[in-house]
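Dear colleague,

Please find below the structure that I am handing over to you.

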Amino acid sequence: MTDGRRMSTDRFYGGVENRLEILFDFLSLLDQPDADSEWVSREKAINWVHTNTNAEGSSAIERHLNFIELIGLIESDDSRFKLTRIGNCYLRNRDPLVLYNCLRTGVKGFDTIVRALAIDPQTDDGLMELLVNNFEECDMDTSGVAKRHREWLQVLGYVERENDQNRLTNSGEAVADQLRGVSSLDLEPDSIYERKELHAKYGGSIQGGIAPSNDEPVVFLFMGGTGEEHGYRDEIQSNGTVHYTGEGQVGDMEMKRGNRVIRDHVEEGRELHLFSMEEEGVRYVGQFMYAGHYLEELPDSEGNLREGIRFKLAPIEHEGIKAPPESVTKYDSMESALSDVRAKLSESEEKWPRIESRIGEEVIQEWSHALSGFKPSDEVPSETATSFDQIRTIHEALESELETRAEELGVGSLGQSSPGRTLFLTSVRIIQEDQELAGAPLTQPRLNSILRNTYEVKEPSLPKIASHPVIDHIRETAPAVFKFTGPPDYWLTTVEYGSVSFEDRHEKRWEELEKGDVALLHSRATPSNDELNGKPYGLIGVGIVGEKFKKDEPWWWDEYEDGDGRMYTMVASFDRLFLTGDAKDIDTSRGIKEKDPTEVDIELDALTENCLETEVANEICASTSGTEFPAQGMFARFRTENGEIDHDRPLALIEAMADELTEVSPINPHEGYDGSVPEEILDGLHFPNDQGKQILEQVSTAIRSGKHVLLTGPPGTGKTEIAERVCEHLANESHPYLYSGFEITTATADWSTFDTVGGYMPGESDNGGEELSFTPGIVLNRLKDTQSGVQSNELIVIDELNRADIDKAFGQLFTLLSGQAVQLPYTVDGKEVELTTYQDVFGAPLANQYVVPNSWRIFATMNAYDKTSLYEMSYAFMRRFAFVRVPAPELPKGEDAERTVEDVVFEYADAWDIDISRMEAWAVGRVWRETNHAVEDRAIGPAIVEDVIRYISQHPEEELEFHLTQAVISYIFPQLEGVPKRKRIVRRIADVNDINSTLLKDAAREMLQVNLSENE
């Protein structure tokens, strides 16, 4: 690198813990440029910094932004800012290596500090002394420069700090390995080499521009030559960085094979070495480090434009690395080290029994098994970690003796491994080879990873602390934990919809959020609405994240014209939500725009009551882990100093709030459904013409108009499947803020109000005896969570509804479904159980109340042919339902029509992804047609035909007659049981050419009590 670099860094904003989050938010702002521009105005950028950080003055903001521009994340002109290509890369991938290379190519001293910490831990004063000794311009008396460097390294997760000592993390060690070298390569920059000899000595393919080696931890990169003929364009910049084109001759380049190896080389412990292709050979340019990548439109080898990957590579200079003493041999490969050590041990009078005699062959056998499949920085099971701990412990115990013994034997060093470590490595390898132990060999990269503890161990244990539903959830599932910060009036809308929102520029944050993650809700002191009073500054609640969805209408204050014009299109709902304030004083029947400022102020007082103030949260976090609460920025993920998920601080904070937290319903019973169900939910089902679309339009209209839905039609037309898919879409995709789930059940003739509404059941009393208590039935259980008592809104699908005696099964629900409250002859806490509507309740329902939300619906199905043979539904009951017909498809009657019955079968088979022949389609089609046309108003739907087709497709076509007959008996005959004119249907099926009529008649006599005589 050329040294036009500066000496000092700038902290930007935030502490060590949340600086990256604030930087990310700022870069996200620049990723949403002003209209018709690639830029964001300087005024908008500075205002954002003022609003979202503790910035004090414009001059300081300008200084901080100039620093971010200096290191190459952003660029500017007089009045605006935008992301650079590398800034965009960092925003998209958040790779700390990209930011580290931005820092080290813009500021001196980072590599110097990392190299020093790879040898020994250092204080800030020690690091400052190191910088002063290495850089003439660094002549400060205090450690301020070193401290700011160290803070950035902490922010990146490369350095951790304990008792004023700074030491490298595993990620920092991986970077240090690059700086000091992990391979045995001995190459001189600007020297010419024969590529063939280079690969013969160090490995790697002689073909292509990217050549990873299996023999050495290196990747060889070649530029120039014939590369430009294939659209490659490589450039060395004036500051020493290189823009290098990835591999892939035709079509868009992808991040795989050689391209992935470049990106991941530090994580995998490989060095990047760059050469330029020249007539006399390949000229060695030097060692480099991945510093980011971007996409650029480039021609491919056929001259077509495609999306190419361009890597930014930053040079590594090996100044300050001490070479081993000349008297000590340096091995150029593992093979030469093994050969030399083996010879020296055999020549030694004492031989070398120590490793094998101290450890034992069985232990080394266990090590070999543990090493199978292991790559540096892998995640390993606990039993493998135990073996690795043993390797590390034994090496540490023998380290001093190994160095002495290596010196006596004249053992050299392999790469950056000391002679003692080399002796340990080769001794274990010799035992593995001589004893032919099963498993994997101990290699230098594997040993380095084990000794530096750079691997992850599965199933981390979490501290045991006080119980609370969210605490239990964290302990059991180890989720990511976030902090969301917003103005106090923002959180009123969160309570109304049980959700948090994201702007488009935070789409990556929204995508990273997963169901089951935990969010701490942090309220600022100043509301968005200037007409409101200030509120306490602190934590007001915690939630467990549920489903994610998108919306297009305004909910939050800032989305309305009176706000700042933002749009929060991306939303994450909560499965469970807990607040420190008094939620019963918050009116969720009206949105924030419908309330005057006085009302909102009163509700905000209730919401922020008993909050855990930020100052107290800071003290709790500092005493727990030494790091304060991440108050700045809109979003923050709780992490430890080494970048791992931090559960200790969130658990301590939730424990501190636990006594004040009250669970509230994440769904709003007052909100109505105002949407439409998309046709895509029927993917995999086939409906002719626009029949599927029309069915969903009828269902959507019924839900919007307040009706329950009854799907009716022949058996096998997909009624239950449609109902289930609609409920799945509403509860888990489009409207999770309205619906908390759904349940499917099948009605029976035995149903009574005890099954649907509930009744008294024996239970254990406080004194150990038995007592009767009210237990809700299957319908009431959809309206309230049985464990927490919180309002819920689960849709219910009742299959084959008219199998139940409606009057006996639904009783008091008649009144409730008509929109009126009703009292039940049972009590809870001494009060009659009350079934009521959302209009009659303000706030959370009492223990004895079951509230029907505005959007709650019953989805029922009914086979049309059952309506005369089973219980009839009264007109009073039917009035509460919208009947949606799901008919069987019309089957062509003639053989010469433009569309035959075979064509219909093929259409359905294609939709079900079943491959059948024309003969099979012909036979199944005729069976279907004869079944549906034999008796008027009696038919079967496609689902039953699908079962038939799947059955026969498993057997040879030449056995079609037998297997088609068996399929008819198995799948169609059960649908005919009890049908008055079933004899006519069976006779028509028996006349189909590919049906074994004898087998069919025998089965009909046994199963359906139908006797078909030969002369009939």
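**Confidence of the model**

Where pLDDT is low, the predicted coordinates should not be read in detail.

This is a predicted model, in which local features need pLDDT of at least 70 and side-chain atom pairs count only at pLDDT 80 or more, while totals for chains, interfaces and linings use all residues. Residues are numbered from 1 along each chain as its sequence is written, and side-chain values use heavy atoms, with hydrogens and water left out.

The protein chain has a mean pLDDT of 87, and 92% of its residues reach 70 or more. Helices (H or I, at least four residues) and strands (E, at least two) are DSSP runs, numbered from the N terminus.

Buried means under 20% relative accessible area, exposed over 50%, and partly exposed in between (1.4 Å probe, protein chains only). Val-518, Leu-520 and His-522 point one way from S20, whereas Ala-519, Leu-521 and Ser-523 point the other way.

Two strands pair if DSSP finds at least two bridges between them. S20 pairs with strand S18 (residues 481-486) in the parallel sense over six bridges, and Thr-485 stands opposite His-522. With strand S21 (residues 538-550), S20 pairs in the antiparallel sense, over six bridges; here Gly-543 is the bridge partner of Ala-519.

**The five-stranded sheet**

An open sheet has five strands in the order S27-S30-S34-S26-S35, with parallel pairing. Strand S27 (741-746) and strand S35 (881-885) stand at the edges with a single partner strand each, so one side of each has no neighbour in the sheet. The twist from one strand to the next averages 20°; axes are lines fitted to C-alpha atoms, for helices over the stretch in contact, and angles run from 0 to 180 degrees between N-to-C directions.

Strand S30 (residues 794-799) and strand S34 (residues 858-863) run parallel and are joined by three bridges. Within this pair, Val-797 stands opposite Phe-859 in S34. Helix H24 (residues 691-704) packs on the sheet and touches strand S26 (708-713), S34 and S35, and its direction makes about 180° with that of S35. Helix H25 (residues 719-734) also packs on the sheet, touching S26, S27, S30 and S34.

**The nonpolar cores**

A nonpolar core is a set of buried Ala, Val, Leu, Ile, Met, Phe, Trp, Tyr and Cys residues joined through side-chain atoms within 4.5 Å. The largest one has 146 residues, and those with the most contacts inside it are Phe-26, Leu-99, Tyr-100 and Phe-859. Helix H1 (residues 19-30) gives the most to this core, with eight residues. A second, separate core of 44 residues includes Val-935, Ile-952, Ile-985 and Ala-1004.

Ile-952 is also one of the buried residues of helix H32 (residues 942-952). The cover over the buried residues of H32 includes helix H30 (901-911), helix H31 (918-933) and helix H33 (960-976).

With kind regards

Technical notes:
Contact = heavy atoms within 4.5 Å. pLDDT = per-residue confidence, 0-100.
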